[in-house]
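Visitor: I'm new to this one. Could you walk me through how to read it?

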Amino acid sequence: MKNLRFIIAMMFIFGLIQGGFAQILGTAHDFSSESWAPTSNRGCGVCHTTHQSIPVTSAPLWHHETTVVAGYTLYNSPTFDGGSTITDPGASSRLCLSCHDGTVALENFGGISSGTNFIDPSTQIGGVAGNDMSTEHPISFDYTDALATSDGGLFPPTTTNSGLGSTIDNDMLFSSKMECASCHDVHNRFGVMHLLKMSNVNSELCLTCHNK
Ligand code: HEC
Ligand code: HEC
Ligand code: HEC
Ligand code: HEC
């Protein structure tokens, strides 16, 4: 009996590692019962469409109106070493900011452009106006082995195991860049709270990259 429980527990853990268990259903990104979304198009349809998608760079069959902010205030600090490559949020992060910077209504997809429901202030990114990235963890800069060497407090991304199956570079970076999806999985593939790629209990997520 004990053995059986152990086997079931291991199967569950294995399932999570394989990504076969956790799903978007029941998460903050499960829009299937949101009243702001037209009943004909809830769920995946808020973000994706099978036909007539919006041609956004790097976006898979994108459906949602993208952020209207043209230039964000970027992250900087006296000790930040990514300042020479940091740019406005890259294509992948702009998809998140479509809803999360609060400049575009949640229901602005599929022909609707004058929605009135915006992201809750508790999950808004980029300050009240939505254009200030200076108070968020830096994104859209190159995280390379050279940066790790010059910083001295980071693991080299191309040779360090991420714990997700391969290296930090393969599993968490986008053409060597940090983006929102370096830390988050929009579909909750890993079944971790806050749609994270791994638990941050005891700062596990932070310590994957930061050698502190
Ligand atoms: C909140 C917005 C959102 C919702 C809802 C959503 N997606 Fe996605 N999806 C994204 C984003 C953003 C990407 C870009 C890659 C990434 O960040 O994972 C993506 C990528 C994808 C991809 C291509 C890459 C991959 O992971 O295979 C597929 C396929 C996909 N989504 C299918 C779905 C399906 C099916 C649903 C509904 C069950 C869904 N998505 C719901 C935002 C969303
Ligand atoms: C279609 C709009 C939309 C897009 C696109 C979108 N989100 Fe969300 N997201 C939401 C909404 C709505 C919530 C729930 C807000 C609330 O209830 O406070 C949410 C919640 C979240 C949460 C909080 C989850 C929790 O349980 O604490 C995280 C983290 C998140 N989103 C990350 C992302 C990331 C990363 C991306 C891009 C890869 C993204 N979102 C793209 C609409 C979106
Ligand atoms: C370096 C890792 C990292 C990056 C990059 C990152 N996040 Fe997060 N995010 C977290 C962690 C960890 C949490 C959990 C709660 C916390 O610490 O505030 C979180 C929480 C959130 C939440 C829940 C509300 C909140 O503020 O607590 C949202 C929404 C969110 N992130 C969206 C985003 C978006 C959009 C981006 C890109 C612009 C992004 N995140 C980039 C690590 C990250
Ligand atoms: C996927 C890798 C990755 C993860 C995960 C990550 N970071 Fe970072 N973080 C970086 C990189 C790369 C920098 C840029 C460091 C530099 O150039 O100074 C950075 C920058 C920072 C900075 C600013 C440093 C400065 O000098 O201004 C802080 C503070 C920080 N991270 C804290 C965190 C915390 C807290 C977490 C966990 C919630 C976290 N990071 C998760 C990669 C990561």
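Guide: Let's begin with a term: six donors count as octahedral if opposite donors are over 155 degrees apart and all others between 65 and 115. Keep in mind that this is a predicted model.

Visitor: Which shape does the site of the iron atom of ligand 1 have?

Guide: The site is octahedral, with angles of 86 to 178° among the six donor atoms of the iron atom of ligand 1.

Visitor: And which protein donors does that iron atom have?

Guide: Donors are N, O and S atoms within 2.8 Å of the metal. Here the protein donors are H48 and H187, each through NE2, and they lie 1.9 to 2.0 Å from the iron atom of ligand 1. H48 sits in the loop between helix 1 (2-18) and helix 2, while H187 sits in the loop between helix 5 (180-183) and helix 6 (204-209), so the pair ties together parts that are 139 residues apart in sequence.

Visitor: How do I read the exposure of H48?

Guide: Under 20% relative accessible area is buried, over 50% is exposed, and partly exposed is in between. H48 has a relative accessible area of 27%, so H48 is partly exposed. H187 is partly exposed too, because its relative accessible area is 42%.

Visitor: On to ligand 2. Which residues come nearest to it?

Guide: For this you look at residues with a heavy atom within 4 Å. There are 21 residues around ligand 2, and H29, C96, C99, H100 and H194 come nearest. Helix 2 (residues 91-100) gives the most to this shell, with four residues. By class, the shell around ligand 2 has 13 nonpolar, seven polar and one charged residues.

Visitor: What about polar contacts there?

Guide: Look for a pair of N or O atoms within 3.5 Å. A polar side-chain atom of H100 is 2.7 Å from a nitrogen atom of ligand 2. With oxygen atoms of ligand 2, T123 has a polar side-chain atom at 2.9 Å, and H194 has one at 2.9 Å.

Visitor: Why does ligand 2 lie between domain 1 and domain 2?

Guide: Check who supplies the shell. Domain 1 (31-72 + 89-136) and domain 2 (142-212) both give residues to the shell around ligand 2, so ligand 2 lies between them. The shell around ligand 3 also takes residues from both domain 1 and domain 2, so ligand 3 lies between them.

Visitor: How many residues surround ligand 3?

Guide: The count is 16, and the closest are T123, C180, C183, H184 and H194. The side chain of H184 puts an N or O atom 2.8 Å from a nitrogen atom of ligand 3. Helix 2 and helix 5 are the elements that give two or more residues to the shell around ligand 3. By class, that shell has eight nonpolar, seven polar and one charged residues.

Visitor: That leaves ligand 4. Which residues are closest to it?

Guide: Of the 21 residues that surround ligand 4, the closest are S77, H137, C206, C209 and H210. Polar side-chain atoms of Y75 and T79 each lie 2.7 Å from an oxygen atom of ligand 4. H137 has a side-chain N or O atom 2.8 Å from a nitrogen atom of ligand 4. Helix 3 (145-151) and helix 6 are the elements that give two or more residues to this shell. The largest share, three residues, comes from helix 6.

Visitor: And how does that shell divide by class?

Guide: The shell around ligand 4 has 13 nonpolar, six polar and two charged residues.

Notes
Residues numbered from 1 in each chain as written. Chains lettered and ligands numbered in written order. Predicted model: local features only at pLDDT ≥ 70, side-chain atom pairs only at ≥ 80, totals over all residues. Heavy atoms only, no water. Polar contact = N/O pair within 3.5 Å; in protein donor to acceptor, adjacent residues only side chain to side chain. Nonpolar A, V, L, I, M, F, W, Y, C, P; charged D, E, K, R; others polar. Domains from an automatic or database assignment. Donors = N, O, S within 2.8 Å, 3.2 Å for Na, K, Ca; no water. Tetrahedral: all angles 85-135°; square planar, octahedral: opposite > 155°, others 65-115°. Buried < 20%, exposed > 50% of the residue type's maximum accessible area, 1.4 Å probe, protein only.
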